[in-house]
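Here is a short briefing on one protein structure. Please keep the sequence and the model open while reading.

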Amino acid sequence: MATAESAQPQNALVPSSGGEGSAYSSNFMKGFNRLNLARQAGLMIALAASIALGFSVVLWSQKESYQPLYPSMQGFDTSELVQVMDTAGISYRIDPASGVLLVPSNSVDSVRLQVASAGVTRDNGYGYEFLDQEQSLGTSQFMEENRYKRSMEGELQRTITSFRYVQSARVHLATPERSVFVRNSRKPTASVFLALHSGRQLSDTQVQAIANLVASSVPEMMPEDVTVVDQQGNLLSRTGENEEMMMASEQFAYVRRYEETLVGRVNRILHPLLGAGKFTAEVAADVDFTRTEQAAETYNPEGSSVRSEQSLNERRATGDVIAGIPGALSNQPPGAANAPETLEGVDGGAPAAEPTNIRNQETRNYELDRTISYTNYDPVSVRRLSVAVVIDEPVGEAAQGWSAEDMERISALVRDAVGYNAERGDSVTVINKAFAQVEELAGDALPFWQASWFAPALRQAAAALFVLILVFGVLMPSLKRLTVAGSSGRSASGSGEASSEVGYADIKAEHKMKEDSVTLSGGDDILLAGPAESYERQLEAIKGLVAEDPARAAQVVKNWISNDG
């Protein structure tokens with residue numbers, strides 16, 4: 001009998017019918033009413049806080065993840081974007097720290113399309129339309145010039161922003177006033193600030209293109225007067241760099257592109273024959289960048305012809321010629337003459353010959369075959385090519401190796417593909433060798449904890465675990481204690497007329513369950529005072545119990561006497 005009665009309060013926690021459910025509710029209310037006012041208020045606040053905390057965790061686990069609508073909000077009007085969101089009924093948030101507009105991660109693309117369809121675009125600054133605005137009558141020339149300069153800066157900013165890898169740009173022009181004195185004239189200058197996309201950089205050619213673009217837009221500005229800087233503070237325009245180094249860099253880039261072109265030719269011709277991954281090819285080119293200019297003038301002696309000819313024959317007698325040095329000595333009278341005894345040419349003598357002066361002169365002018373040539377050699381010429389090709393050995397039991405004839409055919413194809421020239425000393429080497437087998441990795445898949453589904457699933461699992469701990473670790477034990485307390489009081493009142501052993505056991509169990517309050521009545525909520533209460537308080541509580549149920553009090557006293565006897 002005692003065992004059945006002691007098990008009754010525990011079975012009351014799990015009702016199986018309507019009567020047991022009402023008993024469970026009654027036991028709970030009895031246990032709750034036995035608490036003092038402070039404990040009742042604390043219990044209610046704890047239950048309310050636990051339920052609110054559980055709901056908060058559940059809502060936290062089910063909330064959507066948000067990400068920025070645009071990586072950079074520079075140039076966008078946040079009020080216009082918010083208006084578009086409200087009109088379309090899209091949930092959004094604004095980061096209080098950075099002011100970035102956040103939207104659900106799964107609808108970023110659709111939201112961007114709606115924003116674009118609404119006509120909200122990034123403001124890239126003022127352009128020439130700034131000049132179309134009405135101006136006041138008293139606008140000075142200084143304001144007019146600054147409006148024009150600002151418009152030009154805006155137009156250059158828009159143009160530079162359209163470059164690839166450029167996220168935003170700022171242009172500042174410094175145009176000094178023109179002076180009538182040449183000595184005091186100053187050249188205009190410009191500075192360009194670039195904000196590049198993350199992980200991107202501009203090549204030297206692109207930076208030079210931006211400098212030339214700005215210089216060509218401003219009169220009398222040279223590309224060397226344009227300074228280009230990125231958001232990291234790096235100087236991109238190398239105006240003071242050595243020209244030889246710049247030329248060497250360009251030449252190196254040209255050689256790399258030329259080699260890549262030849263490698264692409266070899267790959268395109270061998271890929272259909274050998275297959276992907278069955279060969280590898282590399283090309284090394286020795287390129288000469290020497291610029292040569294030559295002027296030559298040649299004559300052909302065999303092709304000469306007489307253009308003109310002149311002959312001169314002169315014969316002069318010198319007997320009558322008076323010769324001598326002009327002056328006083330030559331004008332002296334002749335000396336005494338001696339008559340010869342015999343005459344020349346008389347009596348068989350030969351006549352004396354008169355002295356003569358004969359001159360022959362010929363002049364011939366020839367037209368020669370002359371050739372004048374001017375030669376300007378190409379500054380880029382290939383001195384030598386070196387090509388290396390390695391072919392993988394066939395794999396398999398029935399596979400056959402490459403024969404010498406096959407290797408020669410492949411070599412001929414490679415030579416024709418790269419433009420082989422034996423006079424330059426080009427070399428083409430083709431060998432066959434088994435490639436090293438690379439172990440295939442399990443895969444480049446991300447670990448499961450980095451997958452997109454892991455974080456939401458973990459959040460929901462944590463929320464579910466927290467709710468379970470809150471229900472079965474906090475709420476259920478509290479309700480169980482209250483229900484057991486109420487059922488214990490009811491069982492004690494119901495056994496008022498039972499045996500003395502059962503009554504004493506019920507009172508003892510109740511006293512053990514409630515350290516500070518023990519009841520002997522199941523019909524009302526009068527409590528026995530705890531050990532810490534005063535004697536008067538304990539006496540008043542006992543008097544109230546005796547007055548309410550004298551029969552049960554007498555039975556309890558009888559049990560005490562019989563146990564002591």
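Predicted model: local features only at pLDDT ≥ 70, side-chain atom pairs only at ≥ 80, totals over all residues.

Residues are numbered from 1 along each chain as its sequence is written, and side-chain values use heavy atoms, with hydrogens and water left out. Helices (H or I, at least four residues) and strands (E, at least two) are DSSP runs, numbered from the N terminus.

**Helix 8**

- Helix 8 covers residues 243-274, 32 residues in total.
- From first C-alpha to last, helix 8 reaches 46 Å, close to the 46 Å expected at 1.5 Å a residue. The expected span is 1.5 Å times one less than the number of residues.
- Buried residues in helix 8 are V255, E259, L262, V263, G264, V266, L270 and L274. Buried means under 20% relative accessible area, exposed over 50%, and partly exposed in between (1.4 Å probe, protein chains only).
- These buried residues pack against strand 7 (279-288), strand 10 (381-391) and helix 9 (404-418).
- E259 lies in helix 8. E259 counts as buried because its relative accessibility is 10%.
- Leaving out residues up to four places away in sequence, E259 touches V283, A284 and A285. Contact means heavy atoms within 4.5 Å.
- G275 follows helix 8 and has a positive phi, near 95°.

**Helix 8 against helix 9**

- The axes of helix 8 and helix 9 come within 9 Å and cross at roughly 145°. Axes are lines fitted to C-alpha atoms, for helices over the stretch in contact, and angles run from 0 to 180 degrees between N-to-C directions.
- Helix 8 contributes L262, R265, V266, I269, L270, L273 and L274 to the contact. Helix 9 contributes I410, L413, V414, A417 and V418.
- The contact residues divide into 11 nonpolar, no polar and 1 charged. Ala, Val, Leu, Ile, Met, Phe, Trp, Tyr, Cys and Pro count as nonpolar, Asp, Glu, Lys and Arg as charged, and the others, Gly among them, as polar.

**Helix 6**

- Helix 6 (residues 141-161) has 21 residues, which should span 30 Å at 1.5 Å a residue. The end C-alpha atoms of helix 6 are 30 Å apart, which agrees.
- Buried in helix 6 are R147, S151, M152, E153, G154, L156, Q157, I160 and T161.
- The buried residues of helix 6 pack against strand 4 (166-174), strand 5 (189-196) and helix 7 (204-217).

- An open sheet of 3 strands runs in the order 1-3-2, with antiparallel pairing. Strand 1 (66-68) and strand 2 (93-94) are the edge strands, each pairing on one side only.
- Two strands pair if DSSP finds at least two bridges between them.
- Strand 1 and strand 3 pair over 3 bridges. Y66 has P104 in strand 3 as its bridge partner.
- Strand 2 and strand 3 (residues 101-104) pair over 2 bridges. R93 stands opposite L102 in strand 3.
- Strand 2 and strand 3 form a hairpin with 6 residues between them. In the turn, G99 has a positive phi of about 75°.
- Helix 4 (residues 78-88) lies across strand 2 and strand 3, at about 25° to strand 3.
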